Amino acid sequence: MPMNHKWLLLITLALTTLTSCNRSHDVVVVGGTPGGIMTAVSASRMGHSVLLLERTDNLGGLPANGLGATDIATRGATTGLFLEFVNRVKEYYVQTYGADSQQVKDCSSGYHFEPSVAARVFNEMLGECPGIKVLTMRQFDSDPSNLKMAAGRIEEITVLNRNSGRQEKYKGKVFVDATYEGDLGAAAGVPFRIGREGMDEFHEPIAGKVYKYWRGPVGPGTTYEGDSTIQAYNYRLCLTKDKANQVPFRKPENYDRNEYVSLIDDVLYGYHTGVLTMEVTQDQREANKKIILDGGRTQIPDDRWGVGKITNMVNLPNGKTDANNQHMAFISTDLPEENQPWPTASWEWRDQFAKRLRDYTEGLFWFAANDEELPESFRKAVQEWGYAADEYPDNDNFPRQVYVREGRRFEGMYFFTANDAEPPTDRGPVHRDGITASHYALDSHAHHKREPGRIHLDGFLSYPTSVYNVPYGVIVPKSVSNLLLPVPVSGSHIGFSTLRMEPCWMALGQATGTAASIAIEDKCAVQEVSVPKLQDELLSQGATLVYMEGHSPSDEDFIALQKEALSKASVSGN
């Protein structure tokens with residue numbers, strides 16, 4: 001018997017209303033990165049509904065894709081939700097393997113972890129917040145047509161459901177760009193920068209074009225001039241020597257041996273980019289070649305052997321490693337220059353580059369393990385290693401996400417430079433509107449490939465900093481009144497190079513979710529959020545706004561000390 005038309009209409013209207021309600025949230029976060037996840041957790045814990053949109057099938061960004069050796073120079077500088085994440089990691093290993101286990105020792109108090117464990121912890125934190133709705137396979141493209149704006153506010157965004165191929169629209173009170181690329185902010189018209197500033201613009205150390213020995217001085221070719229280039233991307237691999245949990249290096253479909261042949265002389269003669277190479281003579285290099293061809297190992301000071309020649313590894317639990325680009329190598333897992341279009345490119349181009357980078361990376365390890373022009377002793381040393389078989393089983397044990405070290409950098413209420421991470425004080429300038437403390441070196445990877453006669457790759461450098469705090473203004477655009485930017489933050493290339501570490505991004509995400517909540521509750525623009533109110537809330541959540549050695553959020557007088565330090569700050573973030 002056919003359904004009554006009146007009932008059919010009522011059901012249709014009800015479903016339409018339900019769908020409309022489900023697509024309107026207090027906070028809409030684009031990007032399931034750690035910064036986006038902590039934004040969502042923070043806002044949800046403050047009682048607000050959150051929609052978290054992620055382009056891929058998997059949440060967690062780089063920590064869930066190989067970056068298991070946490071990039072933080074001073075433990076305790078960054079706390080809050082980041083420290084909660086770290087403590088949960090440690091507790092996982094304690095509960096799974098026992099407090100006295102090797103896994104607990106190797107997790108380094110929770111700062112070192114396997115990719116799958118990072119993903120587990122992120123999902124647990126999200127799952128404990130019923131106010132968060134997570135939608136994966138949702139792609140936001142940076143075309144302004146994907147935004148509906150009125151009176152300087154974002155009212156609605158349009159995303160592509162990559163499973164169905166259909167467009168979906170979502171409304172919110174506050175929107176958050178937590179992407180590595182800055183696609184949402186760009187669509188909203190927020191001014192941004194790409195490339196590196198010259199030293200003359202902000203008087204930053206080692207800004208612009210720089211050739212620098214690793215752990216050594218600046219060398220010939222350095223001009224300190226700015227340009228439009230960006231630092232290289234790579235994949236953070238999870239490798240192991242455990243044959244019971246190992247997948248051998250494989251030859252990719254698109255293999256070009258010519259890309260890797262320079263490694264042969266690097267191995268034989270011990271060429272590397274470290275400062276000790278300055279003292280090596282050509283006679284020593286010729287002698288080194290003979291030793292290696294006779295079955296020995298390199299004798300060149302600070303030269304790496306086997307897989308360590310092409311990747312820098314940090315131990316993780318269960319016999320695994322976080323394998324990054326080798327800082328002292330002329331050829332490693334970074335692929336400079338070819339990633340230059342990424343920040344503003346379409347997702348079609350980005351996916352093509354991701355495949356190209358994977359082919360290049362797999363080809364490099366295949367070459368190092370199998371090419372017969374390399375010494376047999378070297379190849380055998382490389383063959384001891386392989387991909388961890390229990391990581392990324394759905395992706396042939398290869399990371400799912402490119403390490404996008406730098407995309408768009410927005411020009412916000414405060415523009416962070418290297419000078420904000422340097423003395424005059426022993427902990428760097430203190431901003432009165434600080435929202436987290438942080439600490440890492442100024443750290444940039446190569447901007448160009450190997451050049452004949454150069455001591456290192458252009459732009460590949462590390463430069464020490466002091467512990468610093470980050471002002472609220474770096475996540476706040478000057479114009480759009482309901483948009484926050486915790487990942488593609490406001491800063492110069494060199495300034496951004498220290499902010500871009502995941503602990504800092506997690507802390508900025510926590511501040512973003514808190515600021516978004518205050519803006520909603522106080523019915524104000526994000527630019528008008530009361531910074532003292534924001535700081536009070538962050539301190540109550542266990543965040544550190546000004547680092548003080550020997551003090552932690554568990555101290556009874558910690559909040560009072562934090563407020564006193566902020567009140568004496570000589571630098572304003574606005």
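Me: Which residue forms a salt bridge with Arg196, and how far apart are the closest N and O atoms?

Reply: Asp458 does, with the closest N and O atoms 2.6 Å apart. A salt bridge here is a side-chain nitrogen of Lys or Arg within 4 Å of a carboxyl oxygen of Asp or Glu. This is a predicted model, where local features need pLDDT of at least 70, side-chain atom pairs count only at pLDDT 80 or more, and totals for chains, interfaces and linings use all residues. Residues are numbered from 1 along each chain as its sequence is written, and side-chain values use heavy atoms, with hydrogens and water left out.

Me: Where do Arg196 and Asp458 lie?

Reply: Arg196 is in the loop between strand S8 (192–193) and helix H7 (199–202), and Asp458 is in the loop between strands S16 (442–444) and S17 (461–463), so the pair ties together parts 262 residues apart in sequence. Helices (H or I, at least four residues) and strands (E, at least two) are DSSP runs, numbered from the N terminus.

Me: Are Arg196 and Asp458 buried or exposed?

Reply: Arg196 and Asp458 are both buried. Buried means under 20% relative accessible area, exposed over 50%, and partly exposed in between, with a 1.4 Å probe and protein chains only.

Me: How many salt bridges are there by this rule?

Reply: The count comes to 40. Another one pairs Arg500 with Asp443, with closest N and O atoms 2.7 Å apart. Arg500 sits in the loop between helix H12 (493–499) and helix H13 (502–522), Asp443 in strand S16, and the two are 57 residues apart. Arg500 is buried at 2% relative accessibility, and Asp443 is buried at 7%.

Me: Which residues are linked in a network of salt bridges?

Reply: Arg193, Glu197, Glu201, Glu406, Arg409 and Glu411 are. Within it, Arg193 bridges to Glu201 at 2.9 Å between the closest N and O atoms. Glu201 is partly exposed, at 39% relative accessible area.

Me: Switching to packing. What is the angle between H8 and H9?

Reply: About 100°, with the axes of H8 (residues 262–269) and H9 (residues 282–293) 7 Å apart. That makes H8 roughly perpendicular to H9. Axes are lines fitted to C-alpha atoms, for helices over the stretch in contact, and angles run from 0 to 180 degrees between N-to-C directions. Under 35 degrees counts as roughly parallel, over 145 as roughly antiparallel, 65 to 115 as roughly perpendicular, and the rest as oblique.

Me: Which residues make the contact?

Reply: Val267, Leu268 and Tyr269 from H8, against Gln282, Arg285, Glu286, Asn288, Lys289, Ile292 and Leu293 from H9. Contact means heavy atoms within 4.5 Å.

Me: What else is Ile292 in contact with, beyond its neighbours within four places in sequence?

Reply: Its partners there include Arg297, Thr298, Trp305, Pro375 and Ser377, along with Val267 and Leu268. Ile292 is buried at 1% relative accessibility. Its C-alpha atom is 8.6 Å from that of Val267, 25 residues apart along the chain.

Me: How many disulfides does the structure hold?

Reply: Zero, where a disulfide is a pair of cysteine sulfur atoms within 2.5 Å. For Cys107, the nearest cysteine sulfur is that of Cys238, 15 Å away. Cys107 is buried at 0% relative accessibility.

Me: And the backbone: what is phi of Arg215?

Reply: Near 60°, a positive value in a residue other than glycine. Arg215 is exposed, at 60% relative accessible area. Asn397 also has a positive phi, about 65°, but Asn397 is buried at 11%.
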